[in-house]
Amino acid sequence: MFNLDGRVALVTGGSRGIGKAVVEGLARAGAKVAFVYRSSKEAADAMVSELAEQNFETFAIQGDVSSKDDAERIVAEVVEKWERIDILVNNAGIIKDGLLATMEKEDWQAVIDTNLTGVYNFAQSVMRQMMSQRYGRIISVSSVAAEFGNQGQVNYAASKGGIQGLTRCLATEVGRRNITVNAVAPGFIETDMTVAVRNAAEGEIKKRISVRRLGKPEDIANAVVFLASEEAGYVTGHVLTVDGGLTLGGF
């Protein structure tokens, strides 16, 4: 198991699904973990209590990742509480699928603002702290949809493709400060966001996955914990695909 003792992590979209698994994975590895939730305070508080019973130190902060003011406030709260931020996991994301011909501008903008601009907001907000401490791990959750086209997901694919480009460029800017920047690209994962697709075609999807199963949030969390670890210190600018072999033959 990777050892993150003494490290401080911040996870966006951390109260459910992949984000919740990431928070739990980082905490089990020894990190103190703050996580951002948007609206479900009850679920976030319950999660903090559950982890506290296992002697893990976490706290939840409400905020909207698409707001730069919220990002700066949240980063400041974490630094005030724990004096540093070593790991940023940009996980918050939404989908508003629809064909481009009929897509409302609001649906385009909401996905870009949350999925892509949210990464910019938090990465820039932690940058001064990470540069001053000369250490950092920035890990963003992209998607295999960024590289393999899927009907009705032009906004989602654009946002996730933007994350991959941002990751590679930012890695070149901050590597000399001992900051690595990577992304994880999940395939089909069992979360609330994939319920509709799974209900319609889970059997067919599994046939196209080499390992013949859907991914679990923990599969993504394991990859994130690795990229956050000392053992991944020579990995940067990389997009790690975690899809069970789905994209080996394309969609």
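This is a predicted model: local features need pLDDT of at least 70, side-chain atom pairs count only at pLDDT 80 or more; totals for chains, interfaces and linings use all residues.
Let's start with the strands. Seven of them form an open sheet with parallel pairing, in the order β3-β2-β1-β4-β5-β6-β7. At the edges sit β3 (58-62) and β7, each pairing on one side only. On average, neighbouring strands are turned by 20° against each other, direction ignored.

Helix α5 lies across β5, β6 and β7, at about 160° to β6. Helix α7 also packs on the sheet, where α7 touches β4, β5, β6 and β7 and makes about 165° with the direction of β6.

Helix α7 covers residues 217-228, and its 12 residues reach 17 Å from first C-alpha to last, close to the expected 16 Å. Its buried residues are Pro 217, Ile 220, Ala 221, Ala 223, Val 224, Val 225, Leu 227 and Ala 228. Besides the strands β4, β5, β6 and β7, these buried residues pack against helix α1 (17-28).

## A closer look at Asn 155

Asn 155 belongs to helix α5 (residues 154-174). Asn 155 counts as buried because its relative accessible area is 0%. A polar atom of its side chain lies 2.9 Å from the backbone oxygen of Lys 96. Beyond its sequence neighbours within four places, Asn 155 also contacts residues including Met 103, Trp 108 and Ile 112.

## The annotated domain

An unreviewed UniProt entry lists residues 7-187 as "domain: Ketoreductase". Over that range the chain is 50% helix and 19% strand, with its end C-alpha atoms 28 Å apart.

Key
Residues are numbered from 1 along each chain as its sequence is written. Side-chain values use heavy atoms; hydrogens and water are left out. Helices (H or I, at least four residues) and strands (E, at least two) are DSSP runs, numbered from the N terminus. The expected span of a helix is 1.5 Å times one less than its number of residues. Buried means under 20% relative accessible area, exposed over 50%, partly exposed in between (1.4 Å probe, protein chains only). Contact means heavy atoms within 4.5 Å. UniProt positions are given in the numbering used here, feature names are shortened, and annotations may be inferred rather than shown by experiment. A polar contact is a pair of N or O atoms within 3.5 Å; within protein, one must be able to donate a hydrogen and the other to accept it, and residues adjacent in sequence count only if both atoms are side-chain atoms. Two strands pair if DSSP finds at least two bridges between them. Axes are lines fitted to C-alpha atoms, for helices over the stretch in contact, and angles run from 0 to 180 degrees between N-to-C directions.
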